[in-house]
Amino acid sequence: MIHTTSNKKGELVSELPAWQALKEHVNEIEKTHLRDLLHDEARCMSMIKECEGMYCDFTRQRVTQKTLELLFELAEQSNLRGKINAMFNGEHINSTEDRAVLHVATRAHRNQKIMVDGRDVVPDVWEVLDKIKAFSDKVRNGEWLGVTGKPLKNVVAIGIGGSFLGPLFVHTALRTEPVAMRCSRDRRLRFLANVDPIDVARALDGLDPEETLVVVISKTFTTAETMLNARTVRSWLTSRLGPEAVAKHMVAVSTNLKLVKEFGIDPENAFGFWDWVGGRYSVCSAVGMLPLSLQYGFDLMQEFLAGANNIDEHFKNQPYQDNLPVLMGLLSLWNVSFLGHGAKAILPYCQALSKLAPHIQQVDMESNGKGVDINGVRLPFETGEIDFGEPGTNGQHSFYQLIHQGRVVPCEFIGIVRSQQSVYLKGEVVSNHDELMCNFFAQADALAYGKTPEQLRSDNVPDYLIPHRVFTGNRPSMSIMLPSCTAYTVGQLLAIYEHRIAVQGFIWNINSFDQWGVELGKVLASKVRTVMNSARTRDRKILPQDGFNYSTTRMINKYLEGKTQVLYPEGHDSFPIDMLRGVQ
């Protein structure tokens, strides 16, 4: 077979011999059915991996051993190993922003060495982590008090995108874990992301400002939604506790110390991170570690970092055939680029993982939703996937109809061997968690095997109902079982998904680490903001000369007509939480 060291400039991955071989191989796979593939015991044994304490079953993917060999060859011809090494070596693989991509450094052990531009960044990472530990310990043990002398038991983390979804995923995963519950007793952590005042109201509802600490998370301290929410909550604090409250009740996660200081936060109470940490990959940095350590304690969150680091080392060092993120990435790429499945469902049979799919939506779709390769060449094929999901068994009563009898959507089932909470009722056939896991096992087989007309007739189903009750099967899925849902295994799961997404991007030869697609809407929103301020201030309508098309002009005016009572010159501070409670 032909091997190349890397994609040549201008050479598309779809021009590589292995890509062409895989396209031809699709015809062989179309002649197979998972009912038959699952009877091949040797094949199944080779596609079940037990690594790093996890059990991963890929047998229900529409692949043979030959498919895997071709995918490994594609990885070789795409220089996957070289690109992985370049990431871990601190090379500027984010070429459009001239940055390294080193979220792996944020969970490195203290004795590891990771270089960026000739500098070992691990000591910098641990300087911030040590600062987080010292600060979170002070807050949690009552050494750091609010301006009125009360302990700070509530934390509101203000951030959006990666500054919100990743930390929320981890918080939701740990809330009912017994060790984490003990560590967080009598403490509350809330997140404020949306600029919608409803989100402000819900974040602040029931909180006592005297007992509340606010963490403002913005790398540049310029993110419009985050900073408006930060100013809103600052006003909520100072209107009740006075301007001196900011120093004791607000801290920042940012690199822009100048704007942090101008905002009123002491730069000593700012926790930094680096331009080689992308927002959606930042949960292991101060972005996630500060609010989560305030809630659960630094020691527990260090276990989370250790779990992520475990998979980092696995990803870096294991051969393709035993490398979980590589296998998951290659199989997803096979489903997208060769079998034509443009979506995947993330289905955790564990309520604690209910925020996994929303987090991976961002990490995956913001990373790999690109139309050009890393050289700027327009791609002749689709990249990325539409991600969605719900915990089982909720999803079964929502969208499983579609994935069983409608569109083919590859599914990723995630199960837990030992539940965080245990319930067993006398007289029941199985425990609650066993019932959940019965569905976990059954759904994967139902998708794979389906049900034929012959089987339905043998069940005495009337002929007129048979077309409605046929399940074609042959619908791919993979199953992952974690021993438990703890800080350590949540870290492992996070890193597996981060790296599998990188694998897909490396092979498609796209830049998975920039996100220019989010910028245009922000620019246009700024223009609307300026005109709306003028309309509010002068009590006027939007005019054609304001520069909007007919549709937008009319829509904005319709909006303004319904809110003529809100005129900025007569405005005053008004908090959603007050309005929610009927306070005038």
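Visitor: Which domains does the domain assignment of the protein chain give?
Guide: Domain bounds come from an automatic or database domain assignment. Here that assignment lists domain 1 (17–89 + 318–514), domain 2 (106–303) and domain 3 (517–581). The C-alpha centres of domain 1 and domain 3 are 44 Å apart. This is a predicted model: local features need pLDDT of at least 70, side-chain atom pairs count only at pLDDT 80 or more, and totals for chains, interfaces and linings use all residues. Residues are numbered from 1 along each chain as its sequence is written, and side-chain values use heavy atoms, with hydrogens and water left out.

Visitor: At what angle do helix 7 and helix 13 pack?
Guide: Two packed helices are described by the angle between their axes and the distance between the axes. Axes are lines fitted to C-alpha atoms, for helices over the stretch in contact, and angles run from 0 to 180 degrees between N-to-C directions. Helices (H or I, at least four residues) and strands (E, at least two) are DSSP runs, numbered from the N terminus. Helix 7 (residues 162–174) packs on helix 13 (residues 286–296) at about 30°, with axes 9 Å apart. That makes helix 7 roughly parallel to helix 13 (angles under 35 degrees count as roughly parallel, over 145 as roughly antiparallel, 65 to 115 as roughly perpendicular and the rest as oblique).

Visitor: In what order do the 6 strands form the open sheet?
Guide: Two strands pair if DSSP finds at least two bridges between them. The order is 1-2-13-12-10-11, with mixed pairing. Strand 1 (48–51) and strand 11 (386–388) stand at the edges, each with a single partner strand. Strand 2 (residues 54–57) pairs with strand 13 (residues 477–484) in the antiparallel sense, over 3 bridges. Met481 in strand 13 is the bridge partner of Tyr55.
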